[in-house]
Amino acid sequence: MDKTVETAAYPHNEANAQPSRTYYSTHPADLHYIGVNVPCQNACPAFTNVPAYIRCLFEDRNARSYDLNRIANLFPGVLGRICSRPCETKCRHGEPELGKSVGICHLKRSAADFGDTAVAPKQPTRNPQGKNVCIIGAGPAGLAAGYDLAIAGFQVTILEALSEAGGMLRYGIPEFRLPRDVLAKEIQWVLDHGMTLRTGVRVGRDVYLDDLLHAYDAVLMAAGCYVSKPLEVQGEDLPGVYTGLRFVMDIASGKAPSLGNNVLVIGAGFTAFDCARLALRYGASNVSICLRATEHDLRVADEEIFETKREGIKILGLMASNRIIGVDRLEAVEFLRTRPTELLPNGKRKVAPIQQSEFVVPCDTAIVAIGQGAEPLPGPGDKDRRGVIRIDTRTFRSSVPRLYGAGDYTTGPTTVIEAIASGRRAAQRIVENLAGSRTTQWAVKIEDANITDRERSWDYIQREEMPTIMPVQARMVAPTNEVDQGFSPEQTREESKRCYLCYLHYEIDMARCIYCRYCIDVAPRDCIKLVKSVVLNEVGAVVGFEETKIWRHVNAVIIDNARCIRCGECVRVCPVDCISVSKVELVQQTIPCGGTNGS
Amino acid sequence: MKTPGHVLAKRVRDIAQSCALNARSEALPTWCPGCGYFGIHQGLNKCIDQLKLPHHQIVVVSGIGCAGRYPFFSHTYGLHTVHGRTLPVATGVKLANPDLTVFAIGGDGDGLAIGGGHLPHVARRDIDVNYLLFDNSIYGLTKGQPSPSSRPGTITKASPGGTSEKPLNATLLALTYEASFVARLFAGDPNGMALALREGVKTPGFAFFHIYTSCVTFDKAFKTWSNLKQWVHPLPPTYDPTNRRKAFETVLEDNFSTGIIYRRAN
Amino acid sequence: MPTVDVTVEVCGMAGDGTIAAGAMINEALSRGGFSVLGFDSYPAEIRGFGRCVTRSRIGSETIVAMGTDTHVLISLNETEAKSRISFLAPRSVVIFENNPPTYVHHDASFVAELPPDKLLYGMPLSDLAAEAAGTPRGRNLTALGGFAAICGVSPDLFISVVESKFKTKGEKILSSNLKSFEAGYTYALREFSDKKGDAIQFPELPHNDRMVMLSGNQAIGMAALDAGLKLYFGYPITPATPIMEFLASTLPKQGGRVVQMEDEISSIGAVLGSFYAGARSMTATSGPGFSLMTELITHGVMAEIPAVIIDAQRGGPATGLPTKTEQSDLHAAVFGGPGDSARIVIAPTNVSECYHYTIKSFQLAEKYQTPVIVLTDFYLDNRVENLVMPLASEAETRNANVSPTGSEGGNYKRYQITESGISPRALPGMEGYIFTATGLEHTEKGSPDYSPEVHTAMSEKRHKKIAGALVDLPKPEVFFVEDRLDVGVIGWGSTFGSVLEAVRAVREKGCRVGALKITSLSPLHASLIQEFMERCNKTLIPELNYEGQLANLIGHLHHGSVVRLNLVTGSPFPPSLIIRKIEDLIDRGDI
Amino acid sequence: MARERCVIIGNGPAANAAAVALRQETSELDIMMIGEETFPHYRPHLLPAYVAGAISKEDLFVTPPSFYEKCNIRIRLGQRVVQVKLDQRELVLSHKEIVPFDALIIACGGRQRIPERLQIFEELLLTLKTPADAQRWIEGLKSAETILIVGGDLTSLSFATAIVSAGKRVTFMLDEESFWPLPLSRDLADDVKQRLTRKGVEIIEASCIKRLTRKSEDVIEVDTDTGLIASNLVGAFYGLIPNVKFLVRSGLDVERGVLVDENLRTRFDLVYAAGDCAQIYHPELRDYWVSIGYRNAMEQGKIAAQNLSGGMISIAAPPASIFCAEGVMVNTSWWMEF
């Protein structure tokens, strides 16, 4: 008899019950959206879909998680250990008031550890093109390019000067950070896409570039940077002075150096840190890293700095090497004090040595790890002053037709993930030029999403620390022992909860909004705004909001997705259900043969 | 279509350019975030906008209570009166200057308790005032006491054992008093509200709008948003609001149908 | 020319035509060139049982008060008339029915109780009327005919009054009434020719057709009409109802409307609403209704909305004595309601002032943007005075709104703090001046604000504004100016007439006494009052209330000299009591 | 015109000396001190004596709260600066308050250093930097008999002798991290050993600690390369490090501490650093040094204030008290005080 309560739901509730729809957009405004609002994916040179793979880990879909990684970056197991993590510095969870960034890299390793890595290789997306490409260098850039070219239906040959594929992954990164079996497996998967690998073939010695250009429809230089930069100070050639690369490669090739007790590592990059930690593992007892600037200016991840210090390595700042002292052999290094000067826009700190502030630090071994450059090659084309072929980093082309470049060879030493991305992009250019059309394009995929099940309390979970071999002394038992132990499944799940899932887009339907500000009230930060107007850039993307506190100027209540931490509180409280959630991802779309060649 | 980026931007820009909501004052409303009154505010503003009523020709008369604050948030002439006396004052305003569009606004305490005696008379006189009764069944401004429309058993600090009184049905009252126009509306549906308000404003004589709304701060049990959203449902499209007998039947049978319940046939 | 000062009473049961008879006496004598002051008393139960008494004081010089003694009693019901015997002056005239339908036991006989000095004029009123007009209902006119004959009043005066009163009701009724009157006149002239000269005789004065009889309520109603009233909202209550009734029949003719509201609260609410929207409106009530209005009155104070409220005082507290007069709402009018709510209160002392001050109250309300309370009382409302038909000047009726000028753009400050405290008031419909009037404490722009600074500044603004209204309010008026007075008598409202009469009488005995009339009760002209009090050895304040409410208001102005004289009999203040008190004060020698 | 505002970050000796000196220079300046600790200005070097019961808590404190009122110095305690925005000349406090400043003296002092390898055992270690730390010691010492002290800074020396005299058995472990930031030279080790043994402290030598384990409610086992040591309490005394992490991305030059010149100026106008948190480049030394100790801090605070008020006073560099530690010269007044 009481009909009142059981009646149908109010019609506007149906808005959320609409069937799920999916859209793809290549509009620059939407691409801009990803840049601002999914900072991790945007920060990744390979555009790894970070929120998606973390969400898969949470849902215990580890294989999918691994696959999502591999789609973008090819080497999840490797990168999960040694990636420079540009994503984590952009992770919204790491913003000052929000705690620490999500352990994106560690979770990637979890995806590799727990996911099914034995995925069958992909089939080519196009019929064989009847064209062949030669790639010089089987490092990350070369392998990545080879993969894409093979998928696109090209005949790929990779020439590797060293005895095994992997490049810097194999020879530049110590085994205690990257176990060789992990590396081998992932390289093999890439090679399984139908490439020919020829090792021990050095261009300029065993084959010549000119010949290759004749034999192949395109040649890609991805030979990396194997020439160490000199300090350019007196005494650099004394015995006891190593270059960082030589030192690391020697160890990787099984040659154990004799170091003495006191080792100074000069340099501030990943290699310097690897060298210092290797030195400790190969007999040194007192290792210091000498920086021109300060510890705070380092580009090395905080965790690695901490582990390095924990192993007992000292990090000394504000010193520039001035002279290497010794008669027949290195005895000490003379430094000058430096003074920090300007802060460059890229965040690097410039320093200036202070004259007459010399001081001497005695040592048995000095490892100079201040960077590498590409190797000059005989052959055609425009070259720089050191004889390295110039490559346009945008088009990946050289002055020689059909000669392309990718990876560190073109840019100087960068990171593994940048090299992979570079390789893949170069491959796209080659495909475009040889086949006349692109095979893939980046697009923003937008689909309706159900409300997130994230709980607000998850935002307060502390970042999981990577379990390492402890005590520190135990790490030294075998120099190849992997220090990082990887997350347990439980840790993986906990850490995956921390991800805000920035690929979710929250939007208020202004037509139904009653401007009650309930959402603002429960918002964890100033992520929902009373807005008078939006600021658009030239492509029509939202780049700012003109906020107002004047009621009659409040034209909209807008969720600033760049500030939003996707806690879902607003959706839960909205009295009129006018907040919708959609999933916004940057995806690589395959363009079918003969597809559009547009942007 | 939900897309980020340019589509979102365009929509916001459109709204900004339409100046749809200029009937707001400068001061941000002091109602609690989530208050249903925002929805009513939105609905009334939309109505004003759609009817293109000049703001200086509108007077909003309000009583005391959270609803009483309404005029401060409205870019119209406002008269914030004392408790319960909205309708008499509105009567004075309308009779003094019939060119004005007069909205009287009050809560369920203001309109059904202390001011309950005025409702029949303004309806009887058929003064062309549009009365919006914000019915959330609670006294909000005094921090949560039962109101005349609270259901029996309402537990508040003033009724720790639960109330025993029967609730008043404001729609039924207005219908009984022969208001010229009776609508029952829901604060969560500003667009439906604007529609009914437009009709009510255009109807000469006393128009009564019984608006279900929610107090998010002091009512966690009865007229919560989630309950209201479940309960409230529109009148069928075939419903004939000029049939007063049918209107009575509808109101007696169903507490939560919304729309124009009754309008005097011309 | 002989002076005359005669009080004529008509006494009867409800339904006897008593009131009508009294009114005709007033009107007739007024036309006859006399000064007339009439006051009726009748029961709350309009058509029930109960005594009706009309009193008319008729003088050849200006009458300012109702006297105590009655000189002529016209009895239409002897049982009721018995109560009037004690008021009869020596050798007063008593006209009565000497052929009543039933026999009366002597215990109950009116005539039996009349003191021997009274001059008795028994008339078969019913028979005469029935004989002349076919119905005894005109017996009140028959009695008037008798009165005219006995006291030497020209019958033409009554005939013209009867004609103007009944001409609209048809020839038949008019002639019936005229016949009844003439029957009484002829009978008395004939029957009492032997006693001619015993009774008080009215001299023949130049007739005066310009004079009208007006009650206080009528004057207020006319004033409201002349002030351009647009809306009247009210709720029936004795003794203010006649205002509503008067306006109900007159206001629609000039395009206004009278709305009988559901209570006094809604009445004042609607008044505020219409003033807010720019129309002059008014309400009238009495104590019980006034108390209901106080919240909204203070809302008018706070929100600075004009309003005109007539408080016709009656006996209180609570329902009290609805048909009796009293001056006991003064505190309520000046102070009643929540908070520091300064408002304007004026109290006319006679019918003429009722007219002029009511008109003034609209201007005051508009200019000072605050409720103005006009305090009258049962006596003043219902008493009739003959006076020249009042006419408001153009200046008196002029709109006094202080409107904002120029375009303030979006920066209009409804409650702008100014030197005078008066802020320009915009009206709904004016473009560019949107504001919200509120009863919450507010900033200059009208936004609610409870900060100490704002409340302090705004309280000061409101009070300053009201204090500043003094310049526009009628000043206290001194009668019989002298440097030094033995006794100064201060009066307000309807009592002041009694004061004036008493002072006049005492001065004739050679005493140095003076009088001060206060009509502005809030704000007070404190310095002028103080100055007067300082010139008096003793200040006497007679009031129709128990507490001495005016004395409470002004007593502190001059310590030690204030003597209160309070009366709560429900009747107008008899001048004789005041005279006696003044003489006491002088005799006691402590002056 | 609004008065200029000087904010002093810190409430230690440098901060207090700076505030007082500033006030002496001018009354036309709003001075605000923001201290992270809830204690008013105290003498940290008296903490060992306080723990040992030799002095009362009141003796720790230097100035009563009324002092600040009298000097018209606004002092805020228990409030942490988390960010310095030099471009906007604003500070951000942890409760998201923004505090504008015209001039700034950073005197946030140092905090107890725990070597990275021991940080995972931090909860088993007691330190002694603040009165709150002292309170924990006093609680612990009620039932403890044996105390192991690891590390070894100057506080630890006075502390060890103080609790020995209070009747506890104290073992002092000298390891490679001892006397940070001083390198533990043979001479230094012998010197310390001699002094301590004389005062009744047992010395053991070990090169490093591998692990700490709580064995029971009141026993902690320390696993070293030379064997296991059980004790009731373990005190970590690894010196102080400047408390400057919050300044790293501010644009100020930060290495160990805030880099300043000999006038204690940073590279920003009217921004100075003084005391334990300052890393001073001295042209005479042609090197940086950090200064640790109560007297040094007071001196620097005063100089910073005077220079801020228009002075040009250089900090003196007494070479005798300067040691090199991890590539940085350290000036320790406490070493002299011992």
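**Exercise 1. Describe the arrangement of domain 1 and domain 3 of chain C, and the residues through which they touch.**

Solution. Begin with the separation: the centres of domain 1 and domain 3 of chain C, taken over C-alpha atoms, are 35 Å apart. The model is a predicted one, in which local features need pLDDT of at least 70 and side-chain atom pairs count only at pLDDT 80 or more, while totals for chains, interfaces and linings use all residues. Residues are numbered from 1 along each chain as its sequence is written, and chains are lettered from A and ligands numbered from 1 in the order in which they are written.

Next, take the bounds, which come from an automatic or database domain assignment: domain 1 covers 5–209, domain 2 covers 214–397 and domain 3 covers 477–587 of chain C. Then count the contact, where two residues are in contact if their C-beta atoms, placed from the backbone, lie within 7 Å. Domain 1 of chain C contributes 6 residues and domain 3 of chain C contributes 8 residues. Finally, classify the domain 1 side that touches domain 3 of chain C: 4 residues are nonpolar, 2 are polar and none is charged. In this scheme Ala, Val, Leu, Ile, Met, Phe, Trp, Tyr, Cys and Pro count as nonpolar, Asp, Glu, Lys and Arg as charged, and the others, Gly among them, as polar.

**Exercise 2. Determine whether Phe362(C) is buried or exposed, and place it in its surroundings.**

Solution. First, locate the residue: Phe362(C) belongs to helix α13 (residues 351–368) of chain C. Helices (H or I, at least four residues) and strands (E, at least two) are DSSP runs, numbered from the N terminus.

Second, apply the burial criterion: a residue is buried if 20 or more other C-beta atoms lie within 10 Å of its own, exposed if 12 or fewer, and partly exposed in between, with C-beta atoms placed from the backbone. Phe362(C) counts as buried because it has 28 C-beta neighbours inside 10 Å.

Third, list its contacts: leaving aside residues up to four places away in sequence, Phe362(C) touches Ala227(C), Arg280(C) and Val308(C). Asn399(C) lies 37 residues from Phe362(C) along the chain, and their C-alpha atoms are separated by 8.4 Å.

**Exercise 3. Give the strand order of the open sheet in chain D.**

Solution. The sheet has 3 strands in the order β4-β5-β6, with antiparallel pairing. Its edge strands, each pairing on one side only, are β4 (81–85) and β6 (98–100) of chain D. Strand β5 (residues 90–93) of chain D pairs with β6(D) over 3 bridges, and Val92(D) has Ile98(D) as its bridge partner in β6(D).

Methods
Two strands pair if DSSP finds at least two bridges between them.
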